[in-house]
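Student: I have a model open and want to learn to read its side-chain contacts. Where do we start?
Tutor: With charged pairs, then rings, then the surface.

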Amino acid sequence: MRDAETTRERIADFLRDEAASPSALAAEFDITAGAALRHVRHVARSVDGDEQLLVAPPECHDCGFDAFDDPANRPSRCPECNSEAVDEPEFKVAPA
């Protein structure tokens, strides 16, 4: 019998069922949003060839900007209009 799943394994399983932001993952797994991002980045490297991590990038509510340098980051403000009304990215593990 296998030991209990790690947090990363549980996050990967969760993301197979539904898309989630770092804050949603943090709330679901009782970790910080920063830790959730680190786990998601590791999940992206560890999914097998039949799967891939999809990322819906952050988007500014005010100007619609979504071409952030790192789409898997939680920006504090928009580089175009400096608005702080920026959605978090969302992640999903899906078949390749």
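Student: What do the side chains of Asp13 and Arg16 meet in?
Tutor: A salt bridge, at 2.8 Å from N to O. Keep in mind that this is a predicted model. Both residues lie in helix 1, 3 residues apart, about one turn of the helix.

Student: Is Arg16 buried, partly exposed or exposed?
Tutor: Partly exposed, because its relative accessibility is 33% and the class runs between 20% and 50%. Asp13 falls in that class too, at 29%.

Student: Which residue does Arg16 form a salt bridge with, its closest N and O atoms being 2.7 Å apart?
Tutor: Glu51. That pair links distant parts of the chain: Arg16 sits in helix 1 and Glu51 in strand 1, 35 residues apart. Through shared partners, Asp13, Arg16 and Glu51 join into one network.

Student: How many salt bridges are there?
Tutor: The count is 5. Among them is Arg41 with Asp70, closest N and O atoms 3.0 Å apart. Arg41 is in helix 3 and Asp70 in the loop between strand 1 and strand 2, so the pair ties together parts 29 residues apart in sequence.

Student: How is a pair of aromatic rings described?
Tutor: By the distance of the centres and the angle of the planes. Here there are 2 aromatic pairs. Phe14 and Phe29 are edge-to-face, with 5.7 Å between centres and 85° between planes. Phe65 and Phe68 have centres 5.0 Å apart and planes at 75°, so they are edge-to-face.

Student: Which residues form a negative surface patch?
Tutor: Glu59, Asp66, Asp87 and Glu90. Glu59 lies in the loop between strand 1 and strand 2.

Note on methods:
Residues are numbered from 1 along each chain as its sequence is written. This is a predicted model: local features need pLDDT of at least 70, side-chain atom pairs count only at pLDDT 80 or more; totals for chains, interfaces and linings use all residues. Side-chain values use heavy atoms; hydrogens and water are left out. Patches are made of residues with over 30% relative accessible area and no salt bridge: like charges are joined within 9 Å, nonpolar side chains (Val, Leu, Ile, Met, Phe, Trp, Tyr) within 5 Å. Accessible areas come from the Shrake-Rupley method with a 1.4 Å probe; for residues, only the protein chains shown count as cover. A salt bridge is a side-chain nitrogen of Lys or Arg within 4 Å of a carboxyl oxygen of Asp or Glu. Lys and Arg count as positive and Asp and Glu as negative; His and the chain ends are not counted. The place of a charge is taken as NZ of Lys, CZ of Arg, CG of Asp or CD of Glu. Helices (H or I, at least four residues) and strands (E, at least two) are DSSP runs, numbered from the N terminus. Rings of Phe, Tyr and Trp (its six-membered ring) pair if their centres lie within 6.5 Å; planes under 30 degrees apart count as stacked, over 60 as edge-to-face and the rest as tilted. Buried means under 20% relative accessible area, exposed over 50%, partly exposed in between (1.4 Å probe, protein chains only).
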